Amino acid sequence: MKILEFLKNKKGAMGIGTLIIFIAMVLVAAVAASVLINTSGFLQQKASSTGKESTEQVASGLEILQVTGVHNNTNINKTAIYISPNAGSSAIDLGETVTMISDGTSERMTNYNSSQYATLTTGGSVFDSTAWTNLNSNDFGIIVIQDADGSCQNITPVINKGDIVVIALNTEGLNMGTRSIITGSVRPEFGAPGIISFTTPSTYLDTVKIVSLQ
């Protein structure tokens with residue numbers, strides 16, 4: 001009889017031990033599942049954020065519509081760069097945009113100067129704009145050509161769909177004489193830059209002061 005009772009008690013202890021091990025395994029699995037769920041949620045949010053930023057970076061950017069300049073018979077001292085957002089681009093803050101232009105020997109980088117802002121009067125020339133007044137070689141000015149929603153202001157010049165703006169550059173001091181190879185870019189805060197690449201004319205005519213460059 002005592003042997004039977006001992007065996008019964010031993011079976012009960014083994015059952016309790018098995019139950020404890022089972023509960024421990026369930027708890028470990030629950031903790032592991034919780035960690036996996038949290039990690040997958042974090043990775044999903046990170047992937048979504050990265051995808052949005054990548055799409056914005058790829059889709060956004062600036063397009064160079066044309067580049068014109070005014071010469072003094074030997075060099076182009078005023079350069080006007082017509083820009084517009086790419087199709088499908090997000091709004092671009094020109095206040096955070098940098099222009100770079102090089103004559104092959106020296107490179108010049110400029111930032112926006114809010115005091116060099118103007119809108120083009122009907123029938124006027126961009127080179128007669130007040131944006132050129134006192135414009136130095138370290139800054140660029142803005143001449144608004146088209147801005148239906150009024151987003152491009154002097155303090156916060158933001159361009160979006162349909163806007164056309166001229167970036168005014170004082171290019172005195174750069175070698176932009178005849179047959180000069182000029183390269184550069186207009187780089188927004190995010191998105192693709194507008195590329196500048198042209199060769200100046202083979203001759204500057206005294207009767208034609210404004211020349212098309214790109």
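A salt bridge is a side-chain nitrogen of Lys or Arg within 4 Å of a carboxyl oxygen of Asp or Glu. Please keep that in mind, and note that what we have here is a predicted model.

The structure holds one salt bridge. Its partners are Asp-206 and Lys-209, and their closest N and O atoms are 3.2 Å apart. That distance meets the definition, because the cut-off is 4 Å. How accessible are the two residues? Asp-206 counts as exposed, at 52% relative accessibility. Lys-209 has a relative accessible area of 32%, so this residue is partly exposed.

Now to strand 1, residues 62-71. Seven of its 10 residues are buried, so strand 1 is largely enclosed by the rest of the structure. What does strand 1 pair with? One partner is strand 2, residues 76-85; the two run antiparallel and are joined by nine bridges. Within that pairing, Val-67 stands opposite Ile-81 of strand 2. Four residues lie between the strands in this hairpin, where Asn-73 takes a positive phi near 80 degrees. Strand 1 is also joined to strand 11, residues 210-212, by three bridges, and again the two run antiparallel. There, Thr-68 has Ser-212 as its bridge partner. As a general point, side chains in a regular strand alternate between the two faces of the sheet.

Next, the nonpolar cores. The largest has 27 residues, and those with the most contacts inside it are Ile-81, Ile-83, Ile-142 and Ile-159. Which strands supply at least two residues each? They are strands 1, 2, 6, 8, 9 and 10. Another core lies apart from this one; it has 12 residues, among them Tyr-82, Val-126, Trp-132 and Leu-135.

To look at one member of the largest core, take Ile-142. Leaving aside neighbours within four places in sequence, Ile-142 is in contact with residues including Leu-94, Tyr-112, Ala-131, Cys-152, Val-165 and Val-166.

Last, Thr-171. Where does this residue sit? Thr-171 is in the loop between strand 8, residues 164-170, and strand 9, residues 181-187. Is Thr-171 buried or exposed? Its relative accessible area is 1%, and buried means under 20%, so Thr-171 is buried. Its side chain makes a polar contact of 3.1 Å with the side chain of Thr-79. Residues up to four places away in sequence aside, Thr-171 also touches Asn-75, Ile-76, Asn-77, Lys-78, Ile-101, Arg-108 and Met-176.

How values were computed
Residues numbered from 1 in each chain as written. Predicted model: local features only at pLDDT ≥ 70, side-chain atom pairs only at ≥ 80, totals over all residues. Heavy atoms only, no water. Buried < 20%, exposed > 50% of the residue type's maximum accessible area, 1.4 Å probe, protein only. Polar contact = N/O pair within 3.5 Å; in protein donor to acceptor, adjacent residues only side chain to side chain. Contact = heavy atoms within 4.5 Å. Core = buried A, V, L, I, M, F, W, Y, C linked by side-chain atoms within 4.5 Å. Pairing = 2+ DSSP bridges.
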